[in-house]
Amino acid sequence: MEERLKKYLAEMENQAVLWEKGNGTGLTEQEKEWQKKELLTQIEFFQHERLVHLIVTVTFAVLTMLAIVGVLLTPQPALFALILLLLILLIPYIRHYYILENGVQKLYGYYDRLVYSFKKDKNLPTVSTLVEESGMPRTTSEG
């Protein structure tokens, strides 16, 4: 899932650059609506994946904490082994959840960029214009 998310984010960055250059203004309203729906569908998929991993990560964190409390109450070698095993599993889960969370947040940004760039036809400001006017530094996606 991580690789799929990274590929999709790279594809969306390329699309967003095209949208902001005005290439999206030549699309029909139906094509624009399809692109918005497609992006929202992908956001939903990644949100679901993020929710599942949040549940798994929190479950492993709670189990780890319970095992630590168990060791404090009754120090047994089996509980030390359990804590070690849970930590070995918990660390990659936290990393994966972090990647999913940041990826979904980036997708929200791409959706905003898409909507603003498609509204160029209606003389509304683009994201680039808003960023320039605000004096905020422009962020770029990390690959």
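Glutamate 33 and lysine 36 are three residues apart in helix H2, so about one helical turn separates them; helices here are DSSP runs of H or I with at least four residues, numbered from the N terminus. The two residues form a salt bridge whose closest N and O atoms are 3.8 Å apart, a salt bridge being a side-chain nitrogen of Lys or Arg within 4 Å of a carboxyl oxygen of Asp or Glu. Glutamate 33 is partly exposed, at a relative accessible area of 38%, and lysine 36 is also partly exposed, at 22%, where buried means under 20% relative accessible area, exposed over 50%, and partly exposed in between (1.4 Å probe, protein chains only).

This is a predicted model, in which local features need pLDDT of at least 70 and side-chain atom pairs count only at pLDDT 80 or more, whereas totals for chains, interfaces and linings use all residues. Residues are numbered from 1 along each chain as its sequence is written, and side-chain values use heavy atoms, with hydrogens and water left out.

Across the whole structure, five salt bridges are found, including those tabulated here.

| Salt bridge | Closest N to O distance |
|---|---|
| Arginine 95 with glutamate 2 | 3.0 Å |
| Glutamate 33 with lysine 36 | 3.8 Å |

Arginine 95 is partly exposed at 46% relative accessibility, whereas glutamate 2 is buried at 17%. Salt bridges with shared partners join Glu2, Lys6 and Arg95 into one network.

Helix H2 also holds histidine 53, which is buried, with a relative accessible area of 14%. Leaving out residues up to four places away in sequence, histidine 53 touches Tyr93, His96, Tyr97 and Leu100, contact meaning heavy atoms within 4.5 Å.

Isoleucine 55, in helix H2 (residues 29-73), is partly exposed at 48% relative accessible area. Together with Leu51, Leu54, Val58, Val62, Leu63 and Leu66, Ile55 forms a nonpolar surface patch of about 590 Å² accessible area. Such patches are made of residues with over 30% relative accessible area and no salt bridge, nonpolar side chains (Val, Leu, Ile, Met, Phe, Trp, Tyr) being joined within 5 Å and like charges within 9 Å; the areas come from the Shrake-Rupley method with a 1.4 Å probe, and for residues only the protein chains shown count as cover.

Definitions and conventions. Helices (H or I, at least four residues) and strands (E, at least two) are DSSP runs, numbered from the N terminus.
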